[in-house]
Amino acid sequence: MPTSATRFLTPQRLLMASVVVALITITLKTLAWYVTDSVGLLSDAMESLVNLASAIFGLVMVTIAARPADDDHPYGHHKAEYFSSGFEGILIIVAALGIVWTAVHRLLDPQPIEQVGWGLALSVASSALNGLLAWVMFRAAKEHRSIALEADAKHLTTDVWTSAGVVIGIALVHYTGWLWLDPVVAIGVALNILKEGFHLIWRSSQGLMDEALEPEVMATIQQTLDGFASQRGEVAIIRFDHVSTRKAGQRRFVDLHMHMPASWTLGRAAAVRVSVEQALMSAVPGLRASIQLLPSDVEAHFFDEADLK
Ligand SMILES: [Zn+2]
């Protein structure tokens with residue numbers, strides 16, 4: 001039962017809130033770095049860039065990518081999210097390399113941390129804000145069944161844990177006087193950010209290269225087709241082949257051949273085609289099937305590679 005709160009807290013509004021909160025945390029954490037001169041806190045501020053990227057990515061997913069197909073983009077706009085995640089991945093990697101550079105310099109020339117109290121207070125305040133938002137988003141993600149919201153909430157939660165690690169590190173530096181610990185914490189955070197960045201770029205490249213559907217989904221498709229395939233003795237009446245799949249964001253596509261006796265009327269063949277299409281679409285949510293009808297003894301060939309030479 002949707003309450004008035006969930007009606008108001010749409011994925012789009014929450015993701016916009018997430019962009020604003022990310023900007024606030026970046027500001028607070030940058031301020032924390034400025035007053036303390038701790039590279040650990042600087043890395044924590046950069047980590048918030050990942051949140052900003054993730055929130056923008058989510059917004060792209062629920063707005064541009066969700067736009068219905070139009071004349072210029074008859075297959076839809078689902079790949080918009082790959083541009084977004086690819087670009088964000090590059091930004092994040094640059095930020096992480098910047099942190100490593102700064103931290104290595106700091107390791108060679110350790111500096112005392114100043115105004116630790118203020119720095120930690122700012123960092124804890126922005127983490128509390130992140131934690132609160134993540135909690136609201138997780139609840140809303142469940143009610144709206146939104147992948148974009150859930151992914152963003154997960155990023156926020158990771159960020160809260162990273163910040164906790166940084167805060168503990170800085171407190172330790174303060175009590176023990178181990179100045180080297182600050183840049184070491186920063187490098188640890190930077191490596192984590194690098195990992196996130198590469199993951200985003202990898203994801204985009206796979207999406208742009210028409211990656212096949214997941215093996216489980218392929219198995220479901222094959223099972224559904226097997227349910228329609230029929231044969232009399234050794235002779236196949238209905239046969240499926242040339243099954244290929246691809247993915248564009250949340251949208252999934254399958255192309256296949258359906259071979260049937262040449263003597264069938266077009267009406268009969270079309271009726272079977274419709275039921276296969278419907279069975280596929282209900283077995284795999286978000287699937288678009290395009291089915292080519294062919295007589296049993298005729299094969300359609302594609303010479304893709306030869307074409308392009
Ligand atoms: Zn075929």
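What share of the 309 residues of the protein chain counts as buried? In this predicted model, 43% of them do, where buried means under 20% relative accessible area, exposed over 50% and partly exposed in between (1.4 Å probe, protein chains only). Local features need pLDDT of at least 70, side-chain atom pairs count only at pLDDT 80 or more, and totals for chains, interfaces and linings use all residues. Residues are numbered from 1 along each chain as its sequence is written, and side-chain values use heavy atoms, without hydrogens and water.

The protein chain holds ten helices and four strands. These are DSSP runs, numbered from the N terminus (helices H or I, at least four residues; strands E, at least two). Their order along the sequence is α-α-α-α-α-α-α-α-β-β-β-α-β-α. The radius of gyration, taken over C-alpha atoms, is 26 Å, well over the 19 Å of the globule rule, so the chain is more spread out than a compact globule. That rule is 2.2 Å times the number of residues to the power 0.38. The C-alpha atoms fill a box of roughly 85 × 55 × 40 Å along the principal axes.

His 259 lies in strand β3 (residues 251-260), and Glu 299 in the loop between β4 (287-295) and α10 (304-308), 40 residues apart. His 259 is buried at 0% relative accessibility, whereas Glu 299 is partly exposed at 27%.
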